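Welcome! Let us take a short walk through this structure, beginning with a single residue and then stepping back to the whole chain.

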Amino acid sequence: MSQVLHEIEKKIITSLKNNEKQTPEKLEKSTNLSPDQIRRGIEWLKLKGLAVVTESQAISLSLGKNGLESFHKGLPERRLLDLLKNESKKLQDLQKELGNVFGPAMGLARKNNWVDASEEKIFLKNYPSELPGEKTLKQIGENKISKNEIDADDLSFILKRPDFIIENVIKTKEISLTDTAKSIEITAGLSGEINVESKVPDVFVARTHPLKDTIDEIREIFVTLGFTEIIGSMTQPSFWNFDALFTPQDHPARELQDTFYLDGISAKKIGTSEQIKKISESHKKGWRYNWDINEARKMVLRTHTTCVTIKHLAENKPDEARVFSLGRVFRNEKVSYKHLVEFNQIEGIVVGKNATLRDLMGIQREFYRRIGITKIKFWPTFFPYTEPSLQTMVYNDRLEKWVELFGMGIFRPEVTKPLGITKPVLAWGGGIERIAMLKYGLDDVREFYNNNLSWLRSTTKCQ
């Protein structure tokens with residue numbers, strides 16, 4: 001099947017044909033494209049099944065403050081043993097000579113039966129030729145070396161000690177082409193004379209649906225803002241759809257009138273034993289009821305895409321992340337001019353050590369600016385799994401009133417801590433149809449699904 005390719009995609013494909021695997025940085029040099037263009041091009045090619053992104057990470061080790069001191073002076077326990085090598089000494093004298101490292105040195109020496117005490121003196125019982133951790137200190141020295149080059153047992157001992165070893169994580173991405181992409185011929189444009197008066201057949205040109213255009217535009221905005229899209233199943237265990245988000249099992253949103261349950265289907269595996277234990281404890285402590293694992297196993301049509309991102313966080317536990325999920329969600333609601341049973345939702349998260357609510361508001365403002373909405377305000381509200389929480393309000397000039405769009409906030413500790421996530425997590429989400437209604441001036445969301453060809457053919461592509 002033929003592929004319609006953007007010039008950015010063509011340049012990336014051409015470069016990858018000449019050099020099969022490249023990092024985004026190498027692609028920038030080989031294609032003369034900007035980092036933003038490279039990010040967009042890679043995401044487009046991934047969505048078309050033409051590119052594969054392989055992520056890897058390498059860990060290098062260097063010595064911390066205490067590690068460097070021990071490298072030059074010896075481990076505290078080695079210095080203690082050296083002082084006792086020729087004669088026993090009084091406890092006070094050892095404390096004076098070793099200073100603040102006397103405590104940990106003496107503790108390890110006693111534990112390993114290297115020293116003993118007689119009245120007020122400490123004497124040497126055993127002088128090992130090599131202590132745990134010494135080999136690692138010698139190997140690293142004042143350099144950075146790969147974690148794979150170090151003896152694992154010796155390293156594990158020294159890693160437990162504060163400020164001895166610094167782990168430096170280097171993440172890399174490599175882009176390669178799929179077999180389909182390799183078979184694509186990239187050709188230059190046609191040249192030569194063209195008879196502009198020749199008759200052409202009458203063809204009614206097809207076009208994408210306005211709602212699909214809105215979805216593609218939103219996806220591109222978040223990709224250009226440095227976010228990565230993640231994809232998840234439309235059917236989810238209640239564990240990820242509700243429980244992991246600190247929604248109690250007796251919450252009205254989980255009742256049949258709000259949720260579509262899959263009849264007679266329960267998930268056998270819903271998470272790791274540790275995740276199940278921590279989340280059940282969080283519910284028991286926070287909501288004070290007996291959590292039921294059978295309720296968590298019930299399969300549902302997802303009511304939001306947050307279940308996709310929270311599962312991604314739980315499985316990867318990133319220190320920093322910018323991801324979003326875009327797709328269909330399902331709510332058992334009465335169909336009206338502003339509600340559907342099935343609709344599209346965009347949801348995203350930012351993980352970072354210093355991430356704040358102000359950062360989240362800034363991301364939202366920039367997103368709305370790029371989508372063409374300039375009148376924005378934020379309203380305090382309540383959501384079960386974020387605190388603080390805000391509601392985005394945008395002004396509809398045609399209706400001359402403020403309307404609700406995205407909900408957002410910072411994930412509560414009850415959501416993140418049970419999953420081993422220690423950094424603040426900014427989260428937001430909302431219905432795409434509501435944005436499309438603003439863009440196309442519609443008062444009834446059902447117009448997007450009425451198959452009204454006259455309206456579909458008359459709407460302009462750029463709003």
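Ile-215 is buried, since its relative accessible area is 11% (buried means under 20%, exposed over 50%, partly exposed in between, with a 1.4 Å probe and protein chains only). This is a predicted model, in which local features need pLDDT of at least 70, side-chain atom pairs count only at pLDDT 80 or more, and totals for chains, interfaces and linings use all residues. Residues are numbered from 1 along each chain as its sequence is written, and side-chain values use heavy atoms, with hydrogens and water left out.

You will find Ile-215 in helix H11, which covers residues 210-224. Beyond its neighbours within four places in sequence, Ile-215 touches Leu-326, Asn-344 and Ile-432; contact here means heavy atoms within 4.5 Å. Asn-354 lies 139 residues from Ile-215 along the chain, with 30 Å between their C-alpha atoms.

Now for the whole chain. It holds 19 helices and 16 strands, which are DSSP runs numbered from the N terminus (helices: H or I, at least four residues; strands: E, at least two). Of the contacts with a separation of 6 or more, 70% join residues 24 or more positions apart.

| Property of the chain | Value |
|---|---|
| Radius of gyration (over C-alpha atoms) | 30 Å |
| Span of the C-alpha trace along its principal axes | about 105 × 65 × 45 Å |
| Buried share of the 463 residues | 44% |

For 463 residues, a compact globule would have a radius of gyration near 23 Å, by the rule of 2.2 Å times the number of residues to the power 0.38.
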